Number of protein chains: 2
Amino acid sequence: MSNTNPARGMRDFLPEQVRRRDHVIGVIREVYEKYGFEPLETPAAENLSTLTNKYGEEGDQLMFKILERGEKIRKKIEEGKIERENDLADLALRYDLTVPLARVIANYRHELPRFFRRYQIQPVWRADRPARGRYREFYQCDVDAIGSRSVVVEIDICEAVCDILEELGFEDYEIRVNHRSVLFGLISASGIEKEKAGEAVVALDKLDKIGAEKVAEEMVGRGIDRESAEKLVGIVGETDSEDRLSSVAKIVANDGPASEGISNLKDLFAGTRAGRVKFDPSLARGLSYYTGVIMEAVLTDGDFSGSIGGGGRYDELIGMFGKEPIPAAGFSIGLERIILIMEERNMFPKELPNNSADVLVALWSMETLDKSMEVARIIRDGGIRAFLYPQPDKLAKQIKYADQIGARVICILGESEIETEKVTIKNLANAEQRAVSLDGLVSAIKELE
Amino acid sequence: MSNTNPARGMRDFLPEQVRRRDHVIGVIREVYEKYGFEPLETPAAENLSTLTNKYGEEGDQLMFKILERGEKIRKKIEEGKIERENDLADLALRYDLTVPLARVIANYRHELPRFFRRYQIQPVWRADRPARGRYREFYQCDVDAIGSRSVVVEIDICEAVCDILEELGFEDYEIRVNHRSVLFGLISASGIEKEKAGEAVVALDKLDKIGAEKVAEEMVGRGIDRESAEKLVGIVGETDSEDRLSSVAKIVANDGPASEGISNLKDLFAGTRAGRVKFDPSLARGLSYYTGVIMEAVLTDGDFSGSIGGGGRYDELIGMFGKEPIPAAGFSIGLERIILIMEERNMFPKELPNNSADVLVALWSMETLDKSMEVARIIRDGGIRAFLYPQPDKLAKQIKYADQIGARVICILGESEIETEKVTIKNLANAEQRAVSLDGLVSAIKELE
């Protein structure tokens, strides 16, 4: 028999999983819409030239490239003129949602509003080695606000993310916030020379995982003198201060960009909900393209804690296909991780269907099919999901099937019911049953459930 | 400047288009759910071996294949050991939704209910030559009911499709229905020998496009004698009979399978809505895998008429990955075509947002940002989409922007408003405005709109 598994690192989503994913996606969309973000969708495949050299060497390696077709590829194979992979491919699967956004912004700049805000929830593909929680096809869930350098944008994004996490039922979330200029101000104030600042950021990014001591050690390993490394780790690791923003502000008081960063952060905290959005001078966000505020959403309680999304301002990236830089800030929610944690924590709403239908309409005989159809129609018109049993099997078999698919009620239309123009409805959990007229069918089912 | 178009034959969907597509998809999902169909999603890419030889030679040509990665491909290129396309690829993009369904049925047969009913609305990819309405990435929208040979399944599918088309607002739709055995019965009754029956079906499938005369001509060209060809075209083309099913039943009365087909159709018409579901003995559905009832949804009025979906029973296909045949019936709604026609006919509901937000909250100064945020929050909590203008530009500029993004109301929070704890709300269409307190803000906006 042939292999019937999905391709390596990819997943089939059976009904219950689709419903759970759609629930989370639905909440995210609804909140983003309320904040004036609009939906965007781009093709799964992009021209290879659009994606090449955008993700570093590793990205180029992990990209799924699509073989050329027809005469072109046939000729190349025949002539043996193949020297490198890119001779064979003309398209590649989307690797993230940011490069497609940059392409869209460049391509439709005259149609889109100046402060275009979009969300995009679509799969991306990376040929990574699959592992627990790491897939080769996975959804990204990005929101970005284009065209303004104002911190109001970060405020709106931050508030929207808070709304989403609350709406999904997370009670232990925090948004940790820092500013790249403040971070570089602290690095400089610790005595680390400018050329080594990038190294310091890379090491600092591991603070959560390996702890202060090892971060300092790694800085030393990266050529930073021990005294400066320890000083920096000390400053960002400070946790008992009442007002960390003020104390950090004092340290970088003479540093222009850092002070501007402090002022940005002050505005941010004034505009976002207290208690949830917190200054964390140790937050580094490894990616080099951030230029201002950086943010990370984390869960703090229990086994399933850690980062569930991040973002910030990146004013240099979105203009990549044009001539001018375009300011932008964004956030990416870790959809796959959120779904995993919601499953582990049993957070999906009870109303979410985990059955094929709520009611099974039994079929007595092919002669009474029109009656069963009528009953099914009335129930469906009443907004209730009804499964019409397809063949006149024995009633016991139909009841068993109703149970298997998780229906809560079965409707029986036997000879006596048809004679008296009634339907027998039966609650499958407690065997309670009654005969009702078609008029009162929908409300009777709702009562019985 | 680089090419910023989407890849050839593929499309970006800007916000208004996404909302329209989601509206149609939402209606389809809601109806199918009510009929006990459940959502399924499969990966964009399948193992190449899963898809190869499933779609004929043309399908293998038009499939987007994915290049192998890493050492494997590097080695092959270095050694020059490439003889055919399939030496280079290990995956391919999904070409339809039926083969993935068959794979899922085989892979999870112990987890899925016996009469599994699923809908699947996902893109597929075909490297066809792009043309008006023909794309290389397009959505298919399939519903299939597995595991029963009963015509009840076709009835439920047919009724669900009617509900969907009505819910979407189509008033001129019809579901044309035939049965493969009836069709073959008529072909035989016309005197066409069994070996030529397939040729007759292929020719008959063109009846709508080229008319009766040319169909008969084509049959003759395919080796069918003129008398039989004209007889067949005459029978299926008959339109003035009161009860065509009875008259056709008489013609095939001595043909066992055809009479069984007639009985199937009688049950179908008893169970489906009259006036919409119509017997059409000329309906052929070219694809060879149908084994019973065949259906086609058509629009009948005006310029944008024609087929918008089709399906039927195909009892041999879904078992392709297992040892036993699995009965199945399904329907595929032509999503791309429906969206196109709804656009041409201007059928999208007026409530569907075609703007970025309903309200623009103006920003007076960075010092009053917290007030503007509070106003935005109240509006959003009231379920209204609010765009917070990101920077303290001149009010005229902010009003102009509100207009550009289609907001209907602007909220102004100037110094006098803040002093009196009021907000000025202004209808942008008629310039009507008033000052209201935060308490009454949401209801005042709803009144003003």
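Which residues gather in a patch of negative charge on the surface?

Reply: Bear in mind that this is a predicted model. The patch of negative charge on the surface is made up of A:Glu193, A:Glu195, A:Glu213, A:Asp225, A:Glu227 and A:Glu230. Take A:Glu193 as a way in: it sits in the loop that links helix H7 (180-189) to helix H8 (197-204) of chain A. Its relative accessible area is 37%, so A:Glu193 comes out as partly exposed.

A:Arg8, A:Arg129, A:Arg134 and B:Lys72 form a patch of positive charge on the surface, with members from chain A and chain B. Here A:Arg134 is a handy entry point, with a relative accessible area of 38%, which makes this residue partly exposed.

E5(A) and E6(A) are paired antiparallel, with nine bridges between them. One pairing to look up is A:Tyr119, whose bridge partner in E6(A) is A:Val143. E6(A) also pairs with strand E11 (residues 328-333) of chain A, again antiparallel, through six bridges; there A:Ala145 has A:Ala329 as its bridge partner.

How covered is E6(A)? Of its 10 residues, 10 are buried. In a regular strand, side chains alternate between the two faces of the sheet. For E6(A), one side carries A:Glu137, A:Tyr139, A:Cys141, A:Val143 and A:Ala145, and the other carries A:Phe138, A:Gln140, A:Asp142, A:Asp144 and A:Ile146. Both of these faces are covered, with all of those residues buried.

Zooming out, the sheet in chain A is open and has eight strands, in the order E1-E5-E6-E11-E10-E9-E7-E8, with mixed pairing. Strand E1 (38-39) and strand E8 (277-279) of chain A are at the edges with a single partner strand each, so each has one side without a neighbour in the sheet. Further along that order, strand E9 (residues 293-299) and strand E10 (residues 306-313) of chain A pair antiparallel over six bridges, and A:Leu299 stands opposite A:Gly306 in E10(A).

Over in chain B, you'll find an open sheet of eight strands with mixed pairing, ordered E1-E5-E6-E11-E10-E9-E7-E8. Its edges are strand E1 (38-39) and strand E8 (277-279) of chain B, each with a single partner strand, so one side of each has no neighbour in the sheet. E8(B) runs parallel to strand E7 (residues 173-179) of chain B, joined by three bridges, and B:Ile175 has B:Val277 as its bridge partner there.

Strand E10 (residues 306-313) of chain B is mostly covered, with six of its eight residues buried. On one hand, E10(B) is joined antiparallel to strand E9 (residues 293-299) of chain B by six bridges, where B:Ala297 has B:Gly309 as its bridge partner. The hairpin of E9(B) and E10(B) has six residues between the strands, and B:Gly302 in that hairpin takes a positive phi near 70°. On the other hand, E10(B) pairs antiparallel with strand E11 (residues 328-333) of chain B over five bridges, with B:Gly312 opposite B:Gly330 in E11(B).

B:Glu71 counts as exposed at 52% relative accessibility, whereas B:Arg74, with a relative accessible area of 34%, is partly exposed.

Finally, there's a network of salt bridges that draws on both chains: A:Arg19, A:Asp358, A:Arg385, A:Arg408, B:Glu33 and B:Glu38 are linked in it.

Methods:
Residues are numbered from 1 along each chain as its sequence is written. Chains are lettered from A and ligands numbered from 1 in the order in which they are written. This is a predicted model: local features need pLDDT of at least 70, side-chain atom pairs count only at pLDDT 80 or more; totals for chains, interfaces and linings use all residues. Side-chain values use heavy atoms; hydrogens and water are left out. Patches are made of residues with over 30% relative accessible area and no salt bridge: like charges are joined within 9 Å, nonpolar side chains (Val, Leu, Ile, Met, Phe, Trp, Tyr) within 5 Å. Accessible areas come from the Shrake-Rupley method with a 1.4 Å probe; for residues, only the protein chains shown count as cover. A salt bridge is a side-chain nitrogen of Lys or Arg within 4 Å of a carboxyl oxygen of Asp or Glu. Lys and Arg count as positive and Asp and Glu as negative; His and the chain ends are not counted. The place of a charge is taken as NZ of Lys, CZ of Arg, CG of Asp or CD of Glu. Helices (H or I, at least four residues) and strands (E, at least two) are DSSP runs, numbered from the N terminus. Buried means under 20% relative accessible area, exposed over 50%, partly exposed in between (1.4 Å probe, protein chains only). Two strands pair if DSSP finds at least two bridges between them.
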